[in-house]
Structures are given as structure tokens and as C-alpha cells.
Amino acid sequence: MSQALSVPHLLGIKSLTESDIQLIFETADEFKSVINRPIKKVPSLRDITIANIFFENSTRTKLSFELAEKRLSADVVNFSSGNSSVKKGETLLDTVNNILSMKVDMVVMRHSSPGAPHFLSRYIDANIVNAGDGTHEHPTQALLDTFSIREKLGDVSGKKVAILGDILHSRVALSNIFALQKLGAEVMVCGPNTLIPKYLGNLGVKITSNIREALHWCDVANVLRIQLERQHIKFFPSLREYSMHFGLNKQLLAELDKPITILHPGPINRGVEITSDVADSDHAIILDQVENGVAVRMAVLYLLASIRQN
Ligand code: CP
């Protein structure tokens, strides 16, 4: 296996090779043991400055990147658009170029526009990490999801993974589909027909709107939130009705002849897409995903910085 990533930026899973993903996993294994030691810090990125630029809300991704950067001893600056000069009409490129003038080496960016990090990568001299671009990709989420499946089940290859919920508005779904397929897993998506984009038919995934069919088929269910903030028309009659037909609950799991592993990228809407008894059960690895997120992001930052330093 190669010891370097094939790309200078992490813009999406689509642009990674299987070998890139395996290298990230093996590097994350090392960092996971580091962050479980009494001294959780290594000096790997001591001379690197990273800007976390968030134009959309975040809890997990923002904190996870910041912790990963600090565990690697990078210098970190944080920017949120809500209280910035973006409000005064500054363009994305001007904002980022101003930040880079302060000698920033890497940019972690979340933006509501699909393709925003790809655009930046063409114009600026810094490594870009996509922390979620609109409804397009969320590569580090898919890496931590698949890393967590590998940790729980030993391997991703050959596993059957159902992605349940609002596929249409989900960057997590698309990045997971790419990652799972590159690693040799089979993927099924399940949700109301109105929340399944037509292009999925070209991606080689199974499609159903019957949650029982998806649960009987899969080894792993990755449950997604309904993204009401991106829905400007009604895609289903009510949250109550959505929950009745597509919510994951204990009764549905009790009908299965095998245990399945439950993932959720967060934030959870308890009682809508998943009930609390399932989210908090031993089958759910939701907090393991969050823990693994720090190690996986350390691996991504470390490997991208290695390209920069060579
Ligand atoms: N999973 C995820 O992206 O969560 P945040 O929106 O809180 O970062």
C-alpha cells in the first residue's frame, strides 16, 4: 500500500482510491491509540497553521476537527460566518484569501453550496478539507462511519449497509455510498420516494421505500436525520407520519432474526427517525462514531500535511 494520499485536498470520497481510504484507516488506528493515552498529543503538525472556516452550523465536525488539530499540535484559528465580514458582502474567495494572508497552510471548510471547496482548491495555495458542502459530500463523516463499521464488524468488504431516511438532502449519504462501494460493501437506500434522488439509480445501489425490507437485508443501518432546514416544499405529510413509516424503533428490530449495527451521523432527532431506546441501545455505535471522528480527522490532516511538507 502507498504511504501517501493520491490527492492534495480532501474534497470528496469520489476522488479517493481504495488505497487512500485504507491508508487513512491504518493511520487512524495509530492515532486512536494516541488519543487514548494519558498524554494525548503528538508534535506531528507543530509548524502547520489550520483555519476552520464554517459557513454552516456544526457541533460534531467543528469540535472534532479542532480537537484533532490540537492533538497534532497545529496552530488553529476558527471562523464562523455568522459574526464575520461575510455579512458585509465579502466574497468567499476574498474571505479565504484574507485568512491565507495570515500564513495559513490548511483550510477545513463547511459551506452550504455544493462544490465550494472544489472552487477554492483551484484558486488558493492551501490544502482544503471539505467538512460538508451543501447536499453534496461530507467525506470525513463517511470515513469515520466506515472506520466504525470496520472496527465493529472486522471488515467493510462484503457487508450490507442500508442508509435510511432523507437521502435527497444528505451529503452523508452520497459520501457513504462512495466509501462503502470502494471498500467492497453493498448499499441499499430506503426512504420516501420523494426523498430518493433519481441519479441514485445510476450509482449501483439498491433502492426501497420499505423499511422492513431494508432492515431484513442489511448488516448495518445508517439512520439519517430529516433535513427540514433544506426542505422548502413538503416531501411528506407530517413528521408523525414519517416516523410511523420510516422511523427505526425497537419493534422493527425485534422482528429481525439477527442483530444489526446502528449508525447515525448526528444530530439525532429522537422520536422522528430513531427512537431513544434504539439510539441508546448496545446495537448503536453512535458515540463510537464520534470518538473515531477525532482519530480519522487526525489521520486526514496528518496525511495531507505530509504531502505539503514533501
Ligand atoms: N455529523 C455532522 O456533520 O454533525 P454536525 O453538523 O454537528 O457537524
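Me: Which residues of α1 are buried?
Reply: This is a predicted model. In it, the buried residues of α1 are Asp20, Ile21, Leu23, Ile24, Phe25, Thr27, Ala28, Phe31, Lys32, Val34 and Ile35.

Me: What covers them?
Reply: The cover over the buried residues of α1 includes α2 (60–71), α5, α6 (171–182) and α11.

Me: What span should α1 have, and what does the model give?
Reply: α1 has 18 residues, and at 1.5 Å a residue they should span 26 Å. The end C-alpha atoms of α1 are 25 Å apart, which agrees.

Me: Back to Lys32. Buried or exposed?
Reply: Lys32 counts as buried, at 16% relative accessibility. The cut-off for buried is under 20%.

Me: What does Lys32 form with Glu151?
Reply: A salt bridge. The closest N and O atoms of Lys32 and Glu151 are 2.6 Å apart. Lys32 sits in helix α1 (residues 18–35) and Glu151 in helix α5 (residues 139–153), so the pair ties together parts 119 residues apart in sequence.

Me: And how accessible is Glu151?
Reply: Glu151 has a relative accessible area of 39%, which makes Glu151 partly exposed.

Me: Which residues are linked in a network with Lys32?
Reply: Glu151 and Glu291. Salt bridges link the three residues.

Me: How many salt bridges does the structure hold?
Reply: 8 salt bridges.

Me: New topic. How is the chain divided?
Reply: Into domain 1 (13–137 + 290–309) and domain 2 (139–287). Their centres, taken over C-alpha atoms, are separated by 25 Å.

Me: How many residues are in contact across the two?
Reply: 32 residues of domain 1 are in contact with 27 residues of domain 2.

Me: What area is buried between them?
Reply: About 2,600 Å² between domain 1 and domain 2. Carbon and sulfur atoms give 61% of that area. Ile13, Phe25 and Thr135 supply 25% of what domain 1 buries against domain 2, more than any other three residues.

Me: How many salt bridges and polar contacts between the domains?
Reply: The count between domain 1 and domain 2 is 3 salt bridges. Across the same interface, 13 residue pairs are in polar contact.

Me: Which elements make up the domain 1 side?
Reply: α1, α2, β3 (106–111), β4 (127–133) and α11 each give two or more residues to the side that touches domain 2. α1 gives the most, with 9 residues.

Me: What about Arg150 and Asp29?
Reply: Their side chains meet in a salt bridge, 2.7 Å from N to O.

Me: Now elsewhere. Where do Glu186 and Lys206 lie?
Reply: Glu186 forms a salt bridge with Lys206, with the closest N and O atoms 3.8 Å apart. Glu186 is in strand β6 (residues 186–190) and Lys206 in strand β7 (residues 206–208), 20 residues apart. Glu186 is partly exposed at 35% relative accessibility, and Lys206 is partly exposed at 36%.

Me: And what does Asp280 pair with?
Reply: Arg270, in a salt bridge with closest N and O atoms 2.9 Å apart. Asp280 lies in the loop between α10 (276–279) and α11 (286–309), and Arg270 in the loop between β9 (261–263) and α10, so the pair ties together parts 10 residues apart in sequence.

Me: How accessible are those two?
Reply: Asp280 is exposed, with a relative accessible area of 52%. Arg270 counts as partly exposed, at 45% relative accessibility.

Key
Residues are numbered from 1 along each chain as its sequence is written. This is a predicted model: local features need pLDDT of at least 70, side-chain atom pairs count only at pLDDT 80 or more; totals for chains, interfaces and linings use all residues. Side-chain values use heavy atoms; hydrogens and water are left out. A salt bridge is a side-chain nitrogen of Lys or Arg within 4 Å of a carboxyl oxygen of Asp or Glu. Helices (H or I, at least four residues) and strands (E, at least two) are DSSP runs, numbered from the N terminus. Buried means under 20% relative accessible area, exposed over 50%, partly exposed in between (1.4 Å probe, protein chains only). The expected span of a helix is 1.5 Å times one less than its number of residues. Contact means heavy atoms within 4.5 Å. Domain bounds come from an automatic or database domain assignment. Buried area is the accessible area (1.4 Å probe) that two parts lose on being put together, summed over both. A polar contact is a pair of N or O atoms within 3.5 Å; within protein, one must be able to donate a hydrogen and the other to accept it, and residues adjacent in sequence count only if both atoms are side-chain atoms.
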